[in-house]
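Here is a protein with a ligand.

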Amino acid sequence: MFSRIIGTGAFVPEKTVTNDDLARIMDTNDEWIRSRTGIRERHLFEEDAKDKTQTAAIKASERALVMAEEKGLKRSDIELIIVATCTPDHAFPATACVLADRLGIGSAAAFDLSLACTGFLAAFSTASAYIGSGMYKNVLVVGVDVMSKLLDFGDRSTSILFGDGAGAVVLSGDERFRGSCESGVLGSIMRSDGSRAGVLSCDSIYKNEDRGGVLHMDGRAVFEFAVREVPKLIKELCEGVGSVPSYYILHQANYRIIEAVAKRLREPMDKFPYNIDRFANTTAATIPILLDELFRSGRLREGDEVVLSGFGAGLSLGAIYLRL
Ligand code: ACO
(Lines give C-alpha, C1' and ligand atoms only; values in the text may rest on other atoms or scores of the structure.)
Protein backbone atom coordinates (compact mmCIF):
# COMPACT_ATOMS: atom_id res chain seq x y z
CA MET A 1 0.00 0.00 0.00
CA PHE A 2 1.33 3.45 -0.87
CA SER A 3 1.08 6.45 1.43
CA ARG A 4 -0.16 9.81 0.33
CA ILE A 5 -0.37 13.10 2.14
CA ILE A 6 -4.05 14.01 2.68
CA GLY A 7 -3.62 16.81 5.22
CA THR A 8 -0.98 19.32 6.29
CA GLY A 9 -0.87 21.92 9.05
CA ALA A 10 1.60 24.30 10.63
CA PHE A 11 1.90 26.55 13.64
CA VAL A 12 4.39 29.17 14.80
CA PRO A 13 4.00 31.30 17.93
CA GLU A 14 2.69 34.82 17.50
CA LYS A 15 5.79 36.68 18.70
CA THR A 16 8.09 37.71 15.81
CA VAL A 17 11.73 38.43 16.66
CA THR A 18 13.58 40.30 13.92
CA ASN A 19 17.33 40.45 13.43
CA ASP A 20 17.19 44.06 14.66
CA ASP A 21 15.48 42.84 17.85
CA LEU A 22 18.40 40.43 18.40
CA ALA A 23 20.90 43.19 17.66
CA ARG A 24 19.47 45.06 20.66
CA ILE A 25 20.47 42.23 23.04
CA MET A 26 23.71 40.91 21.50
CA ASP A 27 26.62 42.00 19.36
CA THR A 28 25.16 41.21 15.91
CA ASN A 29 23.36 42.98 13.10
CA ASP A 30 20.72 42.39 10.43
CA GLU A 31 23.23 42.53 7.58
CA TRP A 32 25.45 39.79 9.09
CA ILE A 33 22.57 37.46 9.82
CA ARG A 34 20.83 37.95 6.46
CA SER A 35 23.98 37.60 4.37
CA ARG A 36 25.30 34.52 6.25
CA THR A 37 22.02 32.66 6.75
CA GLY A 38 19.14 34.23 4.77
CA ILE A 39 17.16 34.68 8.02
CA ARG A 40 15.22 37.94 8.52
CA GLU A 41 13.03 36.98 11.46
CA ARG A 42 11.85 34.03 13.52
CA HIS A 43 8.87 33.26 15.78
CA LEU A 44 9.56 32.44 19.42
CA PHE A 45 7.31 31.53 22.32
CA GLU A 46 7.02 33.98 25.19
CA GLU A 47 9.41 32.75 27.86
CA ASP A 48 6.71 32.07 30.44
CA ALA A 49 4.36 30.14 28.09
CA LYS A 50 3.43 26.70 29.42
CA ASP A 51 3.69 23.36 27.58
CA LYS A 52 5.12 25.03 24.50
CA THR A 53 5.98 21.89 22.51
CA GLN A 54 2.59 20.30 23.14
CA THR A 55 0.78 23.54 22.29
CA ALA A 56 2.60 23.90 18.96
CA ALA A 57 2.10 20.22 18.09
CA ILE A 58 -1.63 20.33 18.90
CA LYS A 59 -2.25 23.46 16.81
CA ALA A 60 -0.37 22.18 13.73
CA SER A 61 -2.05 18.76 14.03
CA GLU A 62 -5.54 20.27 14.34
CA ARG A 63 -5.00 22.08 11.05
CA ALA A 64 -3.69 18.97 9.30
CA LEU A 65 -6.63 16.92 10.60
CA VAL A 66 -9.19 19.49 9.43
CA MET A 67 -7.71 19.31 5.91
CA ALA A 68 -7.77 15.48 6.00
CA GLU A 69 -11.35 15.51 7.35
CA GLU A 70 -12.40 17.64 4.37
CA LYS A 71 -11.17 14.73 2.24
CA GLY A 72 -13.30 12.25 4.15
CA LEU A 73 -11.02 11.05 6.97
CA LYS A 74 -12.63 10.55 10.37
CA ARG A 75 -10.45 11.49 13.32
CA SER A 76 -10.95 8.05 14.80
CA ASP A 77 -9.37 6.60 11.63
CA ILE A 78 -5.93 7.77 12.85
CA GLU A 79 -4.26 4.65 14.22
CA LEU A 80 -0.75 5.94 14.91
CA ILE A 81 0.81 9.27 15.90
CA ILE A 82 4.56 9.84 15.58
CA VAL A 83 6.07 13.05 16.94
CA ALA A 84 9.61 14.03 15.99
CA THR A 85 11.08 16.42 18.55
CA CYS A 86 14.30 17.02 20.42
CA THR A 87 12.68 19.61 22.70
CA PRO A 88 9.76 17.81 24.41
CA ASP A 89 8.08 19.50 27.37
CA HIS A 90 8.78 16.42 29.51
CA ALA A 91 11.21 13.49 29.41
CA PHE A 92 8.01 11.44 29.62
CA PRO A 93 5.15 10.98 28.85
CA ALA A 94 5.78 11.09 25.12
CA THR A 95 4.36 14.20 23.46
CA ALA A 96 2.52 11.90 21.02
CA CYS A 97 0.46 10.31 23.84
CA VAL A 98 -0.66 13.71 25.15
CA LEU A 99 -1.40 14.79 21.60
CA ALA A 100 -3.59 11.71 20.98
CA ASP A 101 -5.68 12.59 24.01
CA ARG A 102 -5.91 16.33 23.25
CA LEU A 103 -6.91 15.65 19.64
CA GLY A 104 -9.63 13.22 20.66
CA ILE A 105 -7.85 10.17 19.19
CA GLY A 106 -7.12 8.67 22.60
CA SER A 107 -6.68 5.05 21.61
CA ALA A 108 -4.16 5.52 18.80
CA ALA A 109 -0.65 4.06 19.10
CA ALA A 110 1.63 7.00 19.85
CA PHE A 111 5.36 7.56 20.28
CA ASP A 112 8.04 10.23 19.92
CA LEU A 113 11.33 9.93 18.12
CA SER A 114 14.32 12.19 18.26
CA LEU A 115 16.75 12.94 15.45
CA ALA A 116 16.97 16.74 15.69
CA CYS A 117 16.86 18.30 12.21
CA THR A 118 16.46 14.92 10.49
CA GLY A 119 13.62 13.99 12.85
CA PHE A 120 10.75 14.66 10.48
CA LEU A 121 12.38 12.53 7.77
CA ALA A 122 12.75 9.67 10.25
CA ALA A 123 9.14 10.00 11.41
CA PHE A 124 7.80 10.24 7.87
CA SER A 125 9.71 7.19 6.64
CA THR A 126 8.68 5.20 9.73
CA ALA A 127 5.04 6.11 9.08
CA SER A 128 5.22 5.16 5.42
CA ALA A 129 6.91 1.84 6.31
CA TYR A 130 4.07 1.05 8.75
CA ILE A 131 1.53 1.92 6.06
CA GLY A 132 3.46 -0.06 3.44
CA SER A 133 3.46 -3.13 5.71
CA GLY A 134 -0.31 -2.92 6.09
CA MET A 135 -0.04 -2.53 9.87
CA TYR A 136 -1.63 0.94 9.97
CA LYS A 137 -3.54 2.87 7.35
CA ASN A 138 -3.74 6.45 8.67
CA VAL A 139 -0.86 8.07 10.51
CA LEU A 140 -0.38 11.57 11.91
CA VAL A 141 3.26 12.64 11.61
CA VAL A 142 4.39 15.75 13.50
CA GLY A 143 7.69 17.64 13.51
CA VAL A 144 7.87 20.10 16.40
CA ASP A 145 10.66 21.95 18.15
CA VAL A 146 10.82 24.81 20.58
CA MET A 147 14.47 25.68 20.17
CA SER A 148 14.09 28.78 22.36
CA LYS A 149 14.17 26.36 25.34
CA LEU A 150 17.82 25.62 24.48
CA LEU A 151 19.06 28.92 23.16
CA ASP A 152 21.66 30.95 24.99
CA PHE A 153 21.18 34.54 23.85
CA GLY A 154 24.72 35.19 25.06
CA ASP A 155 25.98 33.01 22.17
CA ARG A 156 25.49 34.97 18.96
CA SER A 157 26.83 32.17 16.77
CA THR A 158 23.95 29.79 17.56
CA SER A 159 21.03 31.80 19.01
CA ILE A 160 20.39 33.75 15.79
CA LEU A 161 19.77 30.58 13.78
CA PHE A 162 16.67 29.08 15.34
CA GLY A 163 12.92 29.56 15.67
CA ASP A 164 10.02 27.73 17.32
CA GLY A 165 7.30 25.91 15.38
CA ALA A 166 5.47 22.76 14.41
CA GLY A 167 4.28 21.11 11.21
CA ALA A 168 2.09 18.06 10.74
CA VAL A 169 0.99 15.78 7.93
CA VAL A 170 -1.66 13.09 7.75
CA LEU A 171 -0.38 10.15 5.75
CA SER A 172 -2.93 7.72 4.45
CA GLY A 173 -2.57 4.34 2.75
CA ASP A 174 -4.14 4.30 -0.68
CA GLU A 175 -5.07 0.81 -1.79
CA ARG A 176 -5.85 1.96 -5.33
CA PHE A 177 -2.12 2.05 -5.85
CA ARG A 178 -1.28 -1.29 -4.27
CA GLY A 179 1.56 -2.90 -6.19
CA SER A 180 2.01 -0.01 -8.60
CA CYS A 181 4.34 2.97 -8.57
CA GLU A 182 1.73 5.60 -9.31
CA SER A 183 1.76 7.36 -5.97
CA GLY A 184 3.49 7.57 -2.64
CA VAL A 185 7.02 7.08 -1.38
CA LEU A 186 9.07 5.93 -4.36
CA GLY A 187 12.39 5.86 -2.52
CA SER A 188 13.97 6.69 0.83
CA ILE A 189 17.53 6.72 2.16
CA MET A 190 18.68 7.56 5.70
CA ARG A 191 22.29 7.65 6.93
CA SER A 192 24.24 8.63 10.04
CA ASP A 193 27.82 9.34 11.11
CA GLY A 194 28.03 9.18 14.90
CA SER A 195 31.82 9.55 14.77
CA ARG A 196 31.07 13.26 14.21
CA ALA A 197 28.45 13.56 16.95
CA GLY A 198 30.40 16.32 18.72
CA VAL A 199 30.03 18.71 15.78
CA LEU A 200 26.45 19.46 16.79
CA SER A 201 25.17 18.48 20.23
CA CYS A 202 23.14 19.54 23.22
CA ASP A 203 24.17 18.55 26.74
CA SER A 204 21.85 16.62 28.98
CA ILE A 205 18.62 18.14 30.20
CA TYR A 206 18.80 16.19 33.48
CA LYS A 207 19.01 18.39 36.52
CA ASN A 208 21.85 16.54 38.28
CA GLU A 209 24.18 17.16 35.36
CA ASP A 210 25.70 20.60 35.36
CA ARG A 211 25.64 21.83 31.74
CA GLY A 212 21.96 21.13 31.06
CA GLY A 213 20.57 22.28 27.73
CA VAL A 214 23.69 23.90 26.27
CA LEU A 215 23.92 23.79 22.49
CA HIS A 216 27.36 23.19 20.93
CA MET A 217 27.85 23.69 17.22
CA ASP A 218 30.78 23.83 14.88
CA GLY A 219 28.77 25.81 12.31
CA ARG A 220 31.32 25.55 9.55
CA ALA A 221 31.64 21.75 9.93
CA VAL A 222 27.84 21.33 9.79
CA PHE A 223 27.70 23.62 6.76
CA GLU A 224 30.39 21.65 4.92
CA PHE A 225 28.80 18.32 5.84
CA ALA A 226 25.43 19.44 4.45
CA VAL A 227 26.83 20.89 1.25
CA ARG A 228 28.97 17.81 0.57
CA GLU A 229 26.64 14.98 1.63
CA VAL A 230 23.09 16.19 0.86
CA PRO A 231 23.56 16.52 -2.95
CA LYS A 232 25.28 13.11 -3.05
CA LEU A 233 22.40 11.50 -1.18
CA ILE A 234 19.76 13.19 -3.33
CA LYS A 235 21.56 12.13 -6.53
CA GLU A 236 21.73 8.53 -5.30
CA LEU A 237 18.02 8.63 -4.44
CA CYS A 238 16.95 10.13 -7.78
CA GLU A 239 19.11 7.69 -9.73
CA GLY A 240 17.54 4.81 -7.79
CA VAL A 241 14.03 6.08 -8.56
CA GLY A 242 15.03 6.90 -12.14
CA SER A 243 13.38 10.30 -12.14
CA VAL A 244 13.95 14.00 -11.40
CA PRO A 245 11.51 15.80 -9.06
CA SER A 246 9.71 19.10 -9.64
CA TYR A 247 10.78 20.39 -6.22
CA TYR A 248 13.41 19.78 -3.56
CA ILE A 249 12.08 20.54 -0.09
CA LEU A 250 15.15 20.83 2.08
CA HIS A 251 15.56 21.29 5.81
CA GLN A 252 15.77 25.05 6.35
CA ALA A 253 19.08 25.52 8.17
CA ASN A 254 20.76 28.16 6.05
CA TYR A 255 19.80 29.74 2.70
CA ARG A 256 23.41 29.40 1.57
CA ILE A 257 23.23 25.63 2.14
CA ILE A 258 20.11 25.47 -0.07
CA GLU A 259 21.89 27.49 -2.79
CA ALA A 260 24.99 25.30 -2.62
CA VAL A 261 22.92 22.09 -2.84
CA ALA A 262 21.05 23.49 -5.88
CA LYS A 263 24.34 24.38 -7.53
CA ARG A 264 25.84 20.93 -6.95
CA LEU A 265 22.72 19.27 -8.31
CA ARG A 266 22.83 21.68 -11.29
CA GLU A 267 19.20 22.57 -10.65
CA PRO A 268 17.62 26.08 -10.68
CA MET A 269 16.79 27.79 -7.38
CA ASP A 270 13.09 27.98 -8.25
CA LYS A 271 12.93 24.21 -7.63
CA PHE A 272 14.02 24.86 -4.02
CA PRO A 273 11.17 26.58 -2.17
CA TYR A 274 12.21 28.16 1.13
CA ASN A 275 10.86 30.05 4.10
CA ILE A 276 13.96 30.27 6.28
CA ASP A 277 13.79 34.06 5.88
CA ARG A 278 10.56 34.14 7.97
CA PHE A 279 10.88 31.21 10.36
CA ALA A 280 14.64 30.46 10.71
CA ASN A 281 15.60 26.88 11.60
CA THR A 282 12.73 25.22 13.48
CA THR A 283 14.64 21.87 13.55
CA ALA A 284 12.17 18.96 13.10
CA ALA A 285 9.45 21.37 11.98
CA THR A 286 11.06 23.05 8.94
CA ILE A 287 10.02 20.50 6.30
CA PRO A 288 6.37 20.04 7.36
CA ILE A 289 5.89 23.81 7.80
CA LEU A 290 7.19 24.35 4.26
CA LEU A 291 5.08 21.48 2.90
CA ASP A 292 2.00 23.06 4.47
CA GLU A 293 2.73 26.43 2.85
CA LEU A 294 3.24 24.82 -0.55
CA PHE A 295 0.04 22.76 -0.35
CA ARG A 296 -2.10 25.65 0.85
CA SER A 297 -0.75 28.05 -1.78
CA GLY A 298 -1.45 25.51 -4.55
CA ARG A 299 2.21 25.36 -5.54
CA LEU A 300 2.21 21.60 -4.81
CA ARG A 301 -0.47 19.51 -6.48
CA GLU A 302 -1.45 15.89 -6.76
CA GLY A 303 0.89 14.09 -9.14
CA ASP A 304 3.90 16.35 -8.43
CA GLU A 305 7.16 14.63 -7.58
CA VAL A 306 9.19 16.05 -4.70
CA VAL A 307 12.30 15.17 -2.76
CA LEU A 308 12.30 15.89 0.98
CA SER A 309 15.74 16.06 2.59
CA GLY A 310 16.78 16.65 6.18
CA PHE A 311 20.20 16.78 7.81
CA GLY A 312 21.77 17.78 11.10
CA ALA A 313 22.78 16.46 14.50
CA GLY A 314 24.01 12.88 14.61
CA LEU A 315 25.43 13.72 12.23
CA SER A 316 22.49 12.41 10.27
CA LEU A 317 20.79 12.88 6.96
CA GLY A 318 17.95 11.51 4.92
CA ALA A 319 16.04 11.96 1.69
CA ILE A 320 12.64 10.74 0.53
CA TYR A 321 11.31 10.75 -3.05
CA LEU A 322 7.55 11.28 -3.09
CA ARG A 323 4.88 11.33 -5.76
CA LEU A 324 2.01 13.34 -4.31
N1 ACO B 1 26.75 38.33 14.30
C2 ACO B 1 27.91 38.89 13.94
N3 ACO B 1 29.08 38.20 13.87
C4 ACO B 1 29.03 36.89 14.15
C5 ACO B 1 27.84 36.23 14.55
C6 ACO B 1 26.69 37.01 14.63
N7 ACO B 1 25.48 36.49 14.98
N8 ACO B 1 28.11 34.94 14.76
C9 ACO B 1 29.42 34.76 14.52
N10 ACO B 1 29.98 35.94 14.16
C11 ACO B 1 31.36 36.21 13.80
C12 ACO B 1 32.30 35.16 14.35
O13 ACO B 1 32.66 35.48 15.69
C14 ACO B 1 33.47 35.27 13.40
O15 ACO B 1 34.24 36.39 13.76
P16 ACO B 1 35.87 36.30 13.69
O17 ACO B 1 36.17 36.05 12.24
O18 ACO B 1 36.26 37.64 14.19
O19 ACO B 1 36.21 35.16 14.58
C20 ACO B 1 32.81 35.61 12.06
O21 ACO B 1 31.51 36.12 12.39
C22 ACO B 1 32.67 34.43 11.14
O23 ACO B 1 32.11 33.36 11.87
P24 ACO B 1 31.90 31.95 11.22
O25 ACO B 1 31.33 31.02 12.25
O26 ACO B 1 33.14 31.54 10.49
O27 ACO B 1 30.79 32.29 10.13
P28 ACO B 1 30.21 31.38 9.00
O29 ACO B 1 30.30 32.08 7.71
O30 ACO B 1 30.69 29.96 9.08
O31 ACO B 1 28.64 31.34 9.37
C32 ACO B 1 26.96 29.97 10.42
C33 ACO B 1 28.22 30.78 10.60
C34 ACO B 1 25.87 30.90 9.91
C35 ACO B 1 26.56 29.38 11.77
C36 ACO B 1 27.20 28.88 9.38
O37 ACO B 1 28.38 28.20 9.66
C38 ACO B 1 26.06 27.87 9.33
O39 ACO B 1 24.94 28.20 9.04
N40 ACO B 1 26.38 26.62 9.58
C41 ACO B 1 25.34 25.56 9.55
C42 ACO B 1 24.57 25.60 10.83
C43 ACO B 1 23.52 24.55 10.81
O44 ACO B 1 22.95 24.23 9.80
N45 ACO B 1 23.25 23.98 11.94
C46 ACO B 1 22.24 22.94 11.99
C47 ACO B 1 21.69 22.99 13.32
S48 ACO B 1 20.27 22.08 13.31
C49 ACO B 1 20.24 20.73 14.37
O50 ACO B 1 20.47 19.58 13.96
C51 ACO B 1 19.91 21.02 15.83
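Begin with Trp32: an N or O atom in its side chain is 3.4 Å from an oxygen atom of the ligand. That is a polar contact, meaning a pair of N or O atoms within 3.5 Å; within protein, one must be able to donate a hydrogen and the other to accept it, and residues adjacent in sequence count only if both atoms are side-chain atoms. Gly219 uses its backbone instead: one of its polar backbone atoms is 2.9 Å from a nitrogen atom of the ligand. Arg220 brings a polar side-chain atom to 2.7 Å from a ligand oxygen. Taken alone, the ligand exposes 1,000 Å², and the protein buries 75% of that. Such areas come from the Shrake-Rupley method with a 1.4 Å probe; for residues, only the protein chains shown count as cover.

A word on the model. It is predicted: local features need pLDDT of at least 70, side-chain atom pairs count only at pLDDT 80 or more, and totals for chains, interfaces and linings use all residues. Residues are numbered from 1 along each chain as its sequence is written, and side-chain values use heavy atoms, with hydrogens and water left out.

Now widen the view. The ligand is surrounded by 25 residues (each with a heavy atom within 4 Å of it). Thr28, Arg36, Cys117, Arg220 and Asn254 are the closest. Helix 7 (219-241) gives the largest share of this shell, four residues. Helices here are DSSP runs of H or I with at least four residues, strands are runs of E with at least two, and both are numbered from the N terminus. Helix 2 (30-37), helix 6 (156-159) and helix 8 (255-265) are also among the elements that give two or more residues.

Look next at the ends of helix 2. At its start, a side-chain oxygen of Asn29 reaches to within 3.2 Å of the backbone nitrogen of Glu31. After helix 2 comes Gly38, with a positive phi near 85°.

Most residues other than glycine have a negative phi, and most peptide bonds are trans. Ala116 has a positive phi, near 45°. Find Ala116 in the loop between strand 5 (109-113) and helix 5 (119-133). The peptide bond from Phe92 to Pro93 is cis, with omega near 5°. Pro93 sits in the loop between strand 4 (80-84) and helix 4 (95-102). Another cis bond runs from Gly314 to Leu315, with omega near -15°. Leu315 is in the loop between strand 12 (305-312) and strand 13 (316-323).
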